[in-house]
Amino acid sequence: MDWKLTKSLYIIVFLLMNIALIYIYLNEHQESVEEIEQSPDVLSTTEIDMSNIEKYEPVEMNVLTGAVQDFSDEDNRNADVDKDNISGTKITEEFEENGPTMEEQTLQTFIDENVYRGHDYQYDDVMSTSDQVIFNQLYGDYPIFNHEAARIIFQGEGRQVTSMEQTRLMNLEENEYTLSLTAKSPKEIVEELYERERISSTAVIDEARLGYYIILTEENNAILRPKWEMHVTDQDISKTIYVDATTDSGEIIESE
């Protein structure tokens, strides 16, 4: 037997098989692309307004773990914080005539210069009101939404701040037992809300923010999931909806 010829035939057959497999793969891939392109756009049949939503750049996110900071613990407290203002996991300060005014920039400057780890917080234009201004704690560039364990709240009367309350999460890190996944786009979230009948066909999406939502606090430990915060006006009702950003299994949380 001519082993050299047999070897050459094997190589030729192997190459032909690979070419055939590549052709099949490319053909199936093209069919899948065409099928997606030809499938109807769910939102195209509605009047949902998403013109306020900024362009989304895909980003990978993971579940976070952390702990609610106990400011009374000497190891976790800054020396500049007045002990009289500390009550366990909260720092509370009362203001008289010399307090800051209820304006975003004034309060941001006050936080940066006077509040413990103030640079870790960002103004929340969605949840703030005329008599209550909220700053959310950040993880990287992403806010931790609407939770009493990770924010600064200023209460006021008119233009004058009357009190401030601070809470904070510490030791925030990605969970080593879960995978980082690409967060869904705002359009996918809106489609999900519409298909699950949480918004109508005439809803206006006023704002969409990507961040984290605390889903569990137990014995001062916290678990946070990536969430989209969708601020919606629907049939003359304004509401804020939190939707899981990386899976379809998370609970949809709604507040008006």
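Reader: What volume does the largest pocket have?

Author: The structure is a predicted model. Rolling a probe the size of a water molecule over the atoms shows where empty space is left. For the largest pocket, the volume found is about 390 Å³.

Reader: Which residues lie nearest the centre of the largest pocket?

Author: The lining of the largest pocket comprises 17 residues.

Reader: Which strand gives the most to the lining of the largest pocket?

Author: Strand S7 (142-143) and S12 each supply at least two residues of this lining. The strand that gives the most, with four residues, is S12.

Reader: Which residues make the nonpolar surface patch of about 230 Å²?

Author: One member of the patch, Leu216, is found in strand S12, which covers residues 204-218. The patch, with an area of about 230 Å², is made by Ile215, Leu216 and Ile223.

Reader: Is leucine 216 buried, partly exposed or exposed?

Author: The relative accessible area of leucine 216 is 39%. Buried requires a value under 20% and exposed a value over 50%. Because 39% falls in between, leucine 216 is partly exposed.

Reader: How far apart in space are aspartate 49 and aspartate 206, C-alpha to C-alpha?

Author: Aspartate 49 is found in the loop between helix H1 (3-38) and strand S1 (60-61), and is partly exposed, with a relative accessible area of 30%. In sequence, aspartate 49 and aspartate 206 are 157 residues apart. In space, their C-alpha to C-alpha distance is 8.4 Å.

Reader: What is the phi of glutamate 197?

Author: Most residues other than glycine have a negative phi. Glutamate 197 lies in the loop between helix H3 (186-195) and S12, and at 72% relative accessibility it counts as exposed. Although glutamate 197 is not a glycine, its phi is positive, at about 60 degrees.

Reader: In which loop is aspartate 236 found?

Author: Aspartate 236 is not a glycine, yet has a positive phi of about 70 degrees. The loop that holds aspartate 236 runs between strand S13 (221-234) and strand S14 (237-244).

Reader: Why does aspartate 236 count as exposed, and what is its relative accessible area?

Author: A residue is exposed when its relative accessible area is over 50%. Aspartate 236 is therefore exposed, because its relative accessible area is 80%.

Note on methods
Residues numbered from 1 in each chain as written. Predicted model: local features only at pLDDT ≥ 70, side-chain atom pairs only at ≥ 80, totals over all residues. Heavy atoms only, no water. Patch = residues over 30% accessible without salt bridge, like charges linked within 9 Å, V, L, I, M, F, W, Y side chains within 5 Å. Areas by Shrake-Rupley, 256 points an atom, 1.4 Å probe, with all protein chains shown as cover. Salt bridge = Lys/Arg side-chain N within 4 Å of Asp/Glu carboxyl O. Buried < 20%, exposed > 50% of the residue type's maximum accessible area, 1.4 Å probe, protein only. 1 Å grid on protein atoms, 1.4 Å probe; cavity = no way out; pocket = protein on both sides within 12 Å on 5 of 7 lines; lining within 4 Å. Points joined across faces, edges and corners; volume = space filled by probe spheres on them.
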